[in-house]
Amino acid sequence: MLSFGESFVLALALFSVILTPAYGLPKVKPIDDVQPEQTLAVHNEIRAAVGVAPLVWNETVAAYAQNFANKLAKAGKCAYTDMRHSGGPYGENIAAGWVQPEDQMSGPIATKYWLTEKPNYDHATNKCKDVCGHYTQIVANQSFSLGCGSYRCHDNELIWIVCDYYPMPVGDANTRPY
């Protein structure tokens, strides 16, 4: 026979199990942050604008990007100052953004964000007047496939997007992206 204290704890536990799904935890939107088809479409629209062949989705590269994202999540790398590239065999772009009612951070939104660097790239001189490496990564004609991953921090409120490009573009002063 259970004592009063044990009965109370058991009743409280059962009560919690019954009420938590109904009232306890906030509902979180399903995590579909990468959106492969849409991310690929935005990349290819940007590439087409400068005459570069389209990318294809690469499951191996996407698995690499997601594995790297999982490592960052497990290590609790949520601060912008903590972010580092994987140093792996692919070109890589990383972006983060807070959950919003509209235009929530996702693969397509990250890609559009990287596009904002386009005015900083001077094709004639092949130089950046400010940050433009994310943009040149997108349009690099040496890459032909793409894969992305994501992770969330701060109770699913901050979304990180990691996109990797294969093969890694040359990216030196003598090689233009297109």
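These are my notebook entries on a predicted model, taken in the order I looked things up.

**Entry 1. The sheet**

I began with the strands. I found an open sheet of 4 strands, in the order β1-β5-β6-β2, with mixed pairing. I noted that β1 and β2 stand at the edges with a single partner strand each, so one side of each has no neighbour in the sheet.

I then took the pairs that involve β5. Strand β1, residues 56-57, pairs with β5 in the parallel sense over 2 bridges. β5 and β6 pair in the antiparallel sense, and I listed 9 bridges for them. As background, strands of a sheet pair through backbone hydrogen bonds, either parallel or antiparallel.

I wrote down some positions that face each other. W57 stands opposite L146 in β5. L146 in turn stands opposite Y165 in β6.

**Entry 2. Strand β5**

Is β5 mostly covered or mostly open? I found it mostly covered, with 9 of its 9 residues buried.

I next sorted its residues by direction. S145, G147, G149, Y151 and C153 point one way from the strand. L146, C148, S150 and R152 point the other way, and both sets are buried.

**Entry 3. The turn from β5 to β6**

I looked at the hairpin of β5 and β6, which has 4 residues between the strands. In this loop I noted H154 and D155.

H154 has a positive phi of about 55 degrees, although it is not a glycine. D155, also a residue other than glycine, has a positive phi near 55 degrees.

D155 counts as exposed because its relative accessibility is 73%, and the cut-off for exposed is over 50%.

**Entry 4. After β6**

I followed the chain past β6 to P167, which lies in the segment after that strand. A cis peptide bond joins Y166 to P167, with omega at about -15 degrees.

**Entry 5. The largest nonpolar core**

I asked which residues touch the most other members of the largest nonpolar core. Of its 22 residues, they are W114, L146, I161, C163 and Y165. The elements that give two or more residues to this core are α2 (36-49), α4 (107-115), α5 (133-139), β5 (145-153) and β6 (158-166). β6 gives the largest share, 4 residues.

I also found a second, separate core of 12 residues, which includes A65, F68, I94 and C153.

**Entry 6. Contacts of L146**

I left aside its neighbours within four places in sequence. Its contacts then include T39, L40 and H43, as well as L55, V56, W57, N58 and V61. C163, D164 and Y165 are also on the list.

T39 counts as buried because its relative accessibility is 0%, and buried means under 20%.

Which residues does T39 contact, leaving aside neighbours within four places in sequence? I listed V34, G107, P108, T111, L146, C148 and C163. I also looked up the separation between T39 and W57. They are 18 residues apart in sequence, and their C-alpha atoms are 9.4 Å apart in space.

**Entry 7. The largest pocket**

Last, I turned to open space. In general, rolling a probe the size of a water molecule over the atoms shows where empty space is left. The largest pocket has a volume of about 370 Å³. Of the 24 residues that line it, G133, T136, Q137, G171 and D172 are closest to its centre.

I checked which elements supply the lining. β2 (91-98), β4 (127-128) and α5 each supply at least two residues. The largest share, 3 residues, comes from α5. By class, I noted 9 nonpolar, 11 polar and 4 charged residues in the lining.

Key. Residues are numbered from 1 along each chain as its sequence is written. This is a predicted model: local features need pLDDT of at least 70, side-chain atom pairs count only at pLDDT 80 or more; totals for chains, interfaces and linings use all residues. Side-chain values use heavy atoms; hydrogens and water are left out. A nonpolar core is a set of buried Ala, Val, Leu, Ile, Met, Phe, Trp, Tyr and Cys residues joined through side-chain atoms within 4.5 Å. Buried means under 20% relative accessible area, exposed over 50%, partly exposed in between (1.4 Å probe, protein chains only). Contact means heavy atoms within 4.5 Å. Two strands pair if DSSP finds at least two bridges between them. On a 1 Å grid over the protein atoms alone, a cavity is a set of points where a 1.4 Å probe fits but cannot get out, and a pocket is an open set with protein on both sides within 12 Å along at least five of seven lines; lining residues have an atom within 4 Å of a point. Grid points are joined across faces, edges and corners, and a volume is the space filled by probe spheres set on the points. Ala, Val, Leu, Ile, Met, Phe, Trp, Tyr, Cys and Pro count as nonpolar, Asp, Glu, Lys and Arg as charged, and the others, Gly among them, as polar.
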